[in-house]
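The following report is meant for a reader who meets this structure for the first time. Please look over the sequence and the model before reading on.

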Amino acid sequence: MKILTAKTSLPTWLSTVPDGWLRGFDIDRPGRDGSLGWNPNFSPMASNYTPVEQTDSLPHCRVLVLNKNWQAVNIVGVRRAFSLLWQDHARIINTKSGDFSPLDAAEWIQYSDVEKDGPEEDYIHTIRLKILIPKVMLLRSYDRLPISEIKFNRENVFIRDNYTCQYTGKRCKASDLTLDHVIPRERGGRTSWENIVTCRRDINSLKANRLPYEAGLKLIRKPVRPKWRPFSAVVASSNIEREWEHFLPVERSAT
């Protein structure tokens, strides 16, 4: 292992790892995205805390990041995930054990050594070790939950309405749904969160350019502008890993 300068404050877990085990995976040399250098003032939710493009030497995997209150706040790549782990800003949630116990870097290295012959597992390699790529990480100190308005689009309206027709209350596949202007555009209705609802295609055809009461319909709830954290919107429109489902309350469309 490379020797760091005496002025650098080392994470405590390093003292439990045998010398040379991490040779070939330099924790003290900044990577192409600037995330691998050891920095005691590193902020896990700084402006550059975003998923990074993977280099050719790293697997293309995604890791879910939780704040210390176990709330999902981001998805990161392999390089960023191991930067958080090496610098002791996060622990790994063991989703394989079933008890979701948090493991620090040394404990995860030991666990990886025991499980190294597991089928279809993703690893990073050092000269001496194969280290499992985690699925979920828990930040040690960050407890905030970034809140912001979500982008107005078709998919996010479906998510807001839980893939449920707002006139019949029936949950449907996305392919069976469309968007409806509660107040038709021909009558001055706006294309906005407050005037657009999820609607079954056949109901939309029935309603046509009429107001709901004119078509014998009634909204099951008033449409409102959602206030979700941006992360929820990202996850809702992506493929969710099986190991993430315990930590994500996002509803999917009916199948």
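Trp70, Phe100 and Phe247 are linked into a cluster by ring pairs, where rings of Phe, Tyr and Trp (its six-membered ring) pair if their centres lie within 6.5 Å, and planes under 30 degrees apart count as stacked, over 60 as edge-to-face and the rest as tilted. This is a predicted model, in which local features need pLDDT of at least 70 and side-chain atom pairs count only at pLDDT 80 or more, whereas totals for chains, interfaces and linings use all residues. Residues are numbered from 1 along each chain as its sequence is written, and side-chain values use heavy atoms, with hydrogens and water left out.

**Aromatic pairs**

By the ring rule, the count comes to six aromatic pairs. One of them is the edge-to-face pair of Phe100 and Phe247, with 5.6 Å centre to centre and 80 degrees between the planes. This pair links distant parts of the chain, 147 residues apart, since Phe100 lies in the loop between strand E3 (90–93) and strand E4 (102–103) and Phe247 in the segment after helix H5 (230–236); helices (H or I, at least four residues) and strands (E, at least two) are DSSP runs, numbered from the N terminus. Phe100 counts as partly exposed at 22% relative accessibility, while Phe247 is buried at 12%; buried means under 20% relative accessible area, exposed over 50% and partly exposed in between (1.4 Å probe, protein chains only).

Trp108 and Tyr111 form a stacked pair, 5.4 Å centre to centre with 25 degrees between the planes. Because these two residues are three apart in helix H2 (residues 105–114), Trp108 and Tyr111 are separated by about one helical turn, and both Trp108 and Tyr111 are buried.

**The helices H1 and H2**

The buried residues of H2 also include Ala105, Ala106, Ile109 and Ser112, and their cover includes H1, E3, E4, strand E5 (123–125) and strand E6 (130–132). Helix H1 (residues 78–86) has nine of its nine residues buried, so H1 is largely enclosed by the rest of the structure. After H1 comes Asp88, whose phi is positive, near 65 degrees.

**Salt bridges**

The structure holds eight salt bridges, each a side-chain nitrogen of Lys or Arg within 4 Å of a carboxyl oxygen of Asp or Glu. Among them are these:

| Salt bridge | N to O distance |
|---|---|
| Glu241 and Arg62 | 3.6 Å |
| Arg160 and Asp161 | 2.9 Å |
| Asp202 and Arg200 | 2.6 Å |

The pair of Glu241 and Arg62 links distant parts of the chain, 179 residues apart, with Glu241 in the segment after H5 and Arg62 in the segment before strand E1 (63–66). Glu241 is partly exposed, with a relative accessible area of 24%, and Arg62 is partly exposed at 27%. Arg160, by contrast, is buried with a relative accessible area of 15%, and Asp161 counts as buried at 4% relative accessibility.

**The chain as a whole**

The chain has five helices and nine strands, and its elements run β-β-α-β-β-α-β-β-β-α-β-β-α-α from the N terminus on. Of its 255 residues, 46% are buried. Where contacts (heavy atoms within 4.5 Å) join residues at least 6 apart in sequence, 65% of them join residues at least 24 apart.
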